[in-house]
Amino acid sequence: MKQLLLAALLAPACVLANAQVSASDAWIRATVIQQKATGVFMQLNAKSDTRLVEIRSSVASAAEMHQMSFENNVMRMRQVSAIELRAATPVALAPGGYHIMLLGLTQPLVVGQHVPITLVFEARGKRRESIVVDAVVRPLTGSAPAPAAHTQH
Ligand SMILES: [Cu+2]
């Protein structure tokens with residue numbers, strides 16, 4: 001038992017395993033020069049009910065949570081103040097749905113680059129917890145909405 005505890009303290013992955021929320025498959029859409037905003041996507045898994053309330057990254061001056069939806073044949077995006085997470089119910093931040101927007105990028109994000117993103121969660125009783133997610137930059141192409149869509153709000 002003692003050995004197990006020690007191993008848990010030494011391994012960073014195990015420290016994160018103690019968190020109420022874990023993130024997997026985190027990625028960021030690559031940017032072109034002069035582009036100031038981009039989307040971050042991942043899968044979130046909560047052990048108990050909580051909500052994502054804040055995002056920070058050293059590569060951006062601000063970050064927002066957005067929700068995309070298809071209304072009257074038009075893709076619309078609106079800012080949300082939080083993303084609710086239910087225990088044991090994975091939530092996907094994915095193109096076409098919820099996503100994180102990094103705004104005021106301080107540098108271009110190139111494919112293969114790793115960017116730490118800090119996610120702050122608030123559970124009942126205002127108890128806060130933050131985790132740091134390693135997001136990898138992936139190419140612009142794919143099933144994702146065009147970056148231009150983000151200049152429209
Ligand atoms: Cu957005």
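**View 1. Ile 117 and its contacts in the predicted model.** Leaving aside neighbours within four places in sequence, Ile 117 is in contact (heavy atoms within 4.5 Å) with Ile 28, Val 40, Ile 55, Arg 56, Ser 57, Leu 102, Ile 131, Val 132, Val 133 and Ala 135. Ile 117 also belongs to the largest nonpolar core, which has 31 residues, and is listed with Ile 28, Met 42, Leu 44, Leu 102 and Leu 119 as touching the most other members. A nonpolar core is here a set of buried Ala, Val, Leu, Ile, Met, Phe, Trp, Tyr and Cys residues joined through side-chain atoms within 4.5 Å, where buried means under 20% relative accessible area, exposed over 50%, and partly exposed in between, with a 1.4 Å probe and protein chains only. The structure is a predicted model, in which local features need pLDDT of at least 70 and side-chain atom pairs count only at pLDDT 80 or more, whereas totals for chains, interfaces and linings use all residues. Residues are numbered from 1 along each chain as its sequence is written, and side-chain values use heavy atoms, with hydrogens and water left out.

**View 2. Ile 100 in strand S8.** Ile 100 lies in strand S8, residues 98-105, and counts as buried because its relative accessibility is 0%. Apart from residues up to four places away in sequence, Ile 100 touches Thr 38, Gly 39, Val 40, Met 42, Ile 55, Ala 63, Glu 64, Leu 93 and Leu 119. Between the C-alpha atoms of Ile 100 and Gln 79, which are 21 residues apart along the chain, the separation is 9.5 Å.

**View 3. Strand S2 and its pairing partners.** Strands are DSSP runs (E, at least two residues) and helices likewise (H or I, at least four), numbered from the N terminus; two strands pair if DSSP finds at least two bridges between them. Strand S2 (residues 37-46) runs antiparallel to strand S1 (residues 21-29), to which 6 bridges join it, with Ala 23 opposite Leu 44 and Ser 24 opposite Gln 43. S2 is also joined to S8 by 4 bridges, again in the antiparallel sense, and Ala 37 has Leu 103 in S8 as its bridge partner. Strand S7 (residues 91-93) pairs with S2 over 3 antiparallel bridges, and here Leu 44 stands opposite Val 91. Because 8 of its 10 residues are buried, S2 is largely enclosed by the rest of the structure.

**View 4. The aromatic pair of Trp 27 and Phe 41.** A search of the whole structure finds 1 aromatic pair. The ring centres of Trp 27 and Phe 41 lie 4.6 Å apart with their planes at 35°, so the pair is tilted. Rings of Phe, Tyr and Trp (its six-membered ring) pair if their centres lie within 6.5 Å, with planes under 30 degrees apart counted as stacked, over 60 as edge-to-face and the rest as tilted. Trp 27 lies in strand S1 and Phe 41 in strand S2, so the pair ties together parts that are 14 residues apart in sequence. Trp 27 counts as buried at 13% relative accessibility, and Phe 41 counts as buried at 2%.

**View 5. Strand S1 beside strand S10.** S1 pairs with strand S10 (residues 128-138) in the parallel sense over 3 bridges, and Trp 27 stands opposite Val 136 in S10. The secondary structure of the protein chain comes to 2 helices and 10 strands, and of its 153 residues 38% count as buried.
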